[in-house]
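Student: I am new to this structure. Please take one part of the chain and look at it closely, after a brief overview.

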Amino acid sequence: MELKNVTNPVMEFVLLGFNHSLKIQQFLFVVFFLVFLMTCLGNITILVTVITDYHLHTPMYFFLANLAFTDITESSVNTPILLSGLLSQHKTVPFKECILHMFLFHFIGGAHILLLAVMAADRYMAIHKPLQYLTIMNHEVCVVLVAGSWAGGLIHSATQIALLLPLPYCGPNILDNFHCDVPQVLKLACIDTYLTELQMVSNSGLLLIVIFVLLLISYAVILVKIGRQVSEGKHKALSTCIAQIMAISITFIPGIFIYARPFKTFELDKVASIFFTVLVPLLNPMVYTLRNTEMKKAIRRLAFRPSSRQNLFL
């Protein structure tokens with residue numbers, strides 16, 4: 001396919017993807033296909049385990065199941081585009097499809113980020129208000145918090161798209177990435193986008209930094225509180241908090257690198273995008289299952305029992 005700039009209104013975008021040899025791209029296709037399968041398997045395992053094991057019908061695992069759902073949907077939005085691009089030298093994406101992809105990506109990603117904040121708040125209540133915890137974090141409150149996370153993701157995504165759509169796109173139409181994303185698309189507008197870029201950075205990057213710092217502070221307070229306790233559940237609480245700190249770190253750091261700076265091209269952009277969109281959904285179930293004794297026991301119970309009970313959350 002011959003790449004060229006256009007002067008007419010853009011009807012499609014060309015994703016450059018990876019400029020490697022065919023053999024390397026075929027190898028990457030196999031690697032990322034396996035990553036996608038493991039992501040789906042790991043997160044579906046978490047979902048099924050939490051739903052069928054009544055021992056896990058608690059607020060913490062309710063939020064974890066919803067986080068697993070966002071990992072599945074986010075990976076399903078991004079990885080197929082990556083895989084299809086690896087099968088061809090360049091991939092053409094219609095303008096409307098590109099906008100739809102960005103909307104879904106930021107909708108699910110925004111909900112994912114807010115769910116991590118909700119999980120931090122849940123752990124804070126469990127450590128600081130242990131006697132009132134189940135009363136405060138009742139079923140209705142948990143449902144409202146999850147619904148609020150999705151609503152927040154919707155508002156975030158709708159704001160991004162509302163800022164992008166009015167801009168004129170008359171060329172070029174080449175995106176140096178494997179999927180459509182705000183930084184690359186915004187740079188293709190035919191007018192000065194400085195103010196829009198500042199709004200985008202505030203809506204995504206600055207918000208990521210603020211939430212990340214607040215989460216680190218909250219977990220530091222929680223760890224100090226745990227360290228002062230001498231109880232049977234101390235090790236379990238410590239392990240859970242460490243797992244969640246790992247989860248938020250691997251999610252926020254690549255996202256901050258991509259969205260919390262001027263939208264200029266850097267060599268590590270594609271690597272950060274792959275990590276943020278493809279690898280994070282795989283790492284989350286690994287973090288939460290490998291460091292969570294209760295979850296590992298529940299998975300073993302699920303694997304070795306003949307049938308599963310169907311229970312409601314909480």
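Tutor: Start with the whole chain, then zoom in. The model is predicted. Its secondary structure comes to ten helices and three strands. From the N terminus, the order of elements is β-α-α-β-α-α-α-β-α-α-α-α-α. The radius of gyration is 21 Å, close to the 20 Å that the globule rule gives for 314 residues, so the chain is as compact as a globular protein of that length. Along the principal axes, the C-alpha atoms fill a box of roughly 65 × 45 × 30 Å.

Now the contacts and the surface. Take the contacts with a separation of 6 or more: 81% of them join residues 24 or more positions apart. Of the 314 residues, 50% count as buried. The accessible surface comes to about 15,300 Å², and carbon and sulfur atoms hold 70% of that. The chain has 21 positive and 16 negative charges, and their mean positions are 12 Å apart.

Next, the record. An unreviewed UniProt entry places the feature "transmembrane region" at several spans, among them 27-51, 99-120 and 271-290. Residues 27-51 are 100% helix and 0% strand in the model, with end C-alpha atoms 36 Å apart. Residues 99-120 are also 100% helix and 0% strand. Their end C-alpha atoms lie 32 Å apart.

Here is the close look: Leu 115. This residue lies in helix H3, which covers residues 95-128. The relative accessible area of Leu 115 is 0%; buried means under 20%, so Leu 115 is buried. What does Leu 115 contact, leaving aside neighbours within four places in sequence? The partners are Asn 66, Leu 67, Thr 70, Val 146 and Ser 149. Ala 147 is 32 residues from Leu 115 along the chain. The C-alpha atoms of this pair are separated by 9.7 Å.

For contrast, turn to Phe 275. Phe 275 is found in helix H9, residues 269-290. Is Phe 275 buried, exposed or partly exposed? Its relative accessibility is 27%, which lies between the 20% and 50% cut-offs, so Phe 275 counts as partly exposed. Not counting residues up to four places away in sequence, Phe 275 touches Ile 250, Pro 254, Val 280 and Leu 283. Gln 184 is 91 residues from Phe 275 in sequence. In space, the two are 17 Å apart, C-alpha to C-alpha.

Leu 115 is buried, whereas Phe 275 is partly exposed.

Conventions:
Residues numbered from 1 in each chain as written. Predicted model: local features only at pLDDT ≥ 70, side-chain atom pairs only at ≥ 80, totals over all residues. Heavy atoms only, no water. UniProt positions renumbered as here; feature names shortened; annotations may be inferred. Helix = DSSP H or I, 4+ residues; strand = E, 2+ residues; numbered from the N terminus. Rg over C-alpha atoms; globule rule 2.2 N^0.38 Å. Buried < 20%, exposed > 50% of the residue type's maximum accessible area, 1.4 Å probe, protein only. Contact = heavy atoms within 4.5 Å. Areas by Shrake-Rupley, 256 points an atom, 1.4 Å probe, with all protein chains shown as cover. Lys, Arg positive; Asp, Glu negative; His and termini not counted. Charge placed at Lys NZ, Arg CZ, Asp CG, Glu CD.
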